[in-house]
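Please work through the following exercises with the sequence and the model in view. Each task is followed by a solution in steps.

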Amino acid sequence: MARKSFPLIIAHRGASGYLPEHTLEAKAMAHAQGAHYIEQDLVLTKDDVPVVLHDIHVDSVTDVAEKFPKRKRSDGRYYALDFTLAELKTLRVMERFDPATGRQIFPKRFQKGLGSFQIATLEEELQLIQGLNRSTGRIAGIYPEIKDPAWHRAQKHDITRIVLAILRRYGYRSKDDPCYIQCFELDELKRLRGPLRWRGNLIMLLDTVANGPGNTDFNHLRTPKGLADLAKVADGIGPDIESVIAHDRKPTALVKNAHASGLKVHPYTFRVDELPKFAKSPEDLLKLLFKKAGVDGLFSDFPDVAVNWGK
Ligand code: CA
């Protein structure tokens, strides 16, 4: 297969199939496995430092409930935004678990509680990736997601503005730079393109629900008209895999319609230990996505499996 047509493999939360998600260790492994891009999910600390965490809560991947039992909100959850960076740095990061039961989500993955992992800041991760880019001579791009910007702003913290300043300082500014910003909120994408003057690549994530914060009508965004409107703001979409391949194993119209508007399609999430029912094997799913649906990229918990497909 011609290399130039090979889809971009985005290490989803790093090589999260092998090491606890979003740790620097998981990012280093993703780089070593040849991921083309490495994902950062971003939330803010109380002192406005972007840290790499999938959720605004820290209780599904750390020992926060043991270390700071009095710091939960009335909903019983512990929020990154309620802790300073120095406090978050005292937490141990571990394999994702259900905070209600303590049970780890993916039973066959890295054993919960083993190892000594820490929450990383965005800057720490960018330094790791840029250092590896230099020492290996192979450039891995970055794929930052602004998490819950409307919620952050309601809490009086402007996450997007803070993240953008750091990205620009590390050299990510234009569409030629190896960086895609992604977000589930349409208003924030418009703000990035408008007042915040982001000139780099931008991906609209599509959730499986009808509506989301930031005036986001996911059902409309999936229509040809919605995709055409979106193309004025974004460079591509990030839908779930089952929006791209239907249960009868046939591609849906989504990729074709997105391509007709000039949008790239980077679906989430390829997991060898959680395949859709219609997939016969990990390789079968990759073939359907790459050959039948013609996606341009793929989020993968197992970057090596996706990178090595067809070799
Ligand atoms: Ca993400």
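**Exercise 1.** Determine which residue takes a positive phi just after helix 4, and describe how helix 4 is placed.

*Solution.* Step 1. The residue just after helix 4 with a positive phi, about 75°, is Gly-137. Helices (H or I, at least four residues) and strands (E, at least two) are DSSP runs, numbered from the N terminus. The model is predicted: local features need pLDDT of at least 70 and side-chain atom pairs pLDDT 80 or more, while totals for chains, interfaces and linings use all residues. Residues are numbered from 1 along each chain as its sequence is written, and side-chain values use heavy atoms, without hydrogens and water.

Step 2. Helix 4 contains 15 residues and spans 21 Å from first to last C-alpha, close to the 21 Å expected at 1.5 Å a residue (the expected span is 1.5 Å times one less than the number of residues).

Step 3. Leu-122, Glu-125, Leu-126, Ile-129 and Asn-133 of helix 4 are buried (buried is under 20% relative accessible area, exposed over 50%, partly exposed in between, with a 1.4 Å probe and protein chains only). Down the axis of helix 4, the buried residues fall within an arc of 100°, so they line one face (the arc is that of the directions from the helix axis to the C-beta atoms). Arg-134 and Ser-135 are exposed on the face turned away from that side.

Step 4. The cover over the buried residues of helix 4 includes helix 1 (24-32), strand 2 (37-44) and helix 6, where contact means heavy atoms within 4.5 Å.

**Exercise 2.** Identify which residues coordinate the calcium ion.

*Solution.* Step 1. Glu-39 (OE), Asp-41 (OD) and Glu-145 (OE) coordinate the calcium ion at 2.2 to 2.3 Å. Donors are N, O and S atoms within 2.8 Å of the metal (3.2 Å for Na, K and Ca); water is not among the atoms, so sites may look incomplete.

Step 2. The spacing of the donor residues in sequence is E-x1-D-x103-E. Glu-39 and Asp-41 are both buried.

**Exercise 3.** State how many salt bridges the structure holds, and examine the pair Asp-273 and Arg-109.

*Solution.* Step 1. There are 25 salt bridges (a side-chain nitrogen of Lys or Arg within 4 Å of a carboxyl oxygen of Asp or Glu).

Step 2. Asp-273 and Arg-109 form one of them, at 2.8 Å from N to O. Asp-273 lies in the loop between strand 10 (264-265) and helix 11 (282-293), and Arg-109 in the loop between helix 3 (85-88) and helix 4 (122-136), so the pair ties together parts 164 residues apart in sequence.

Step 3. Asp-273 is partly exposed at 33% relative accessibility, whereas Arg-109 is buried at 9%.
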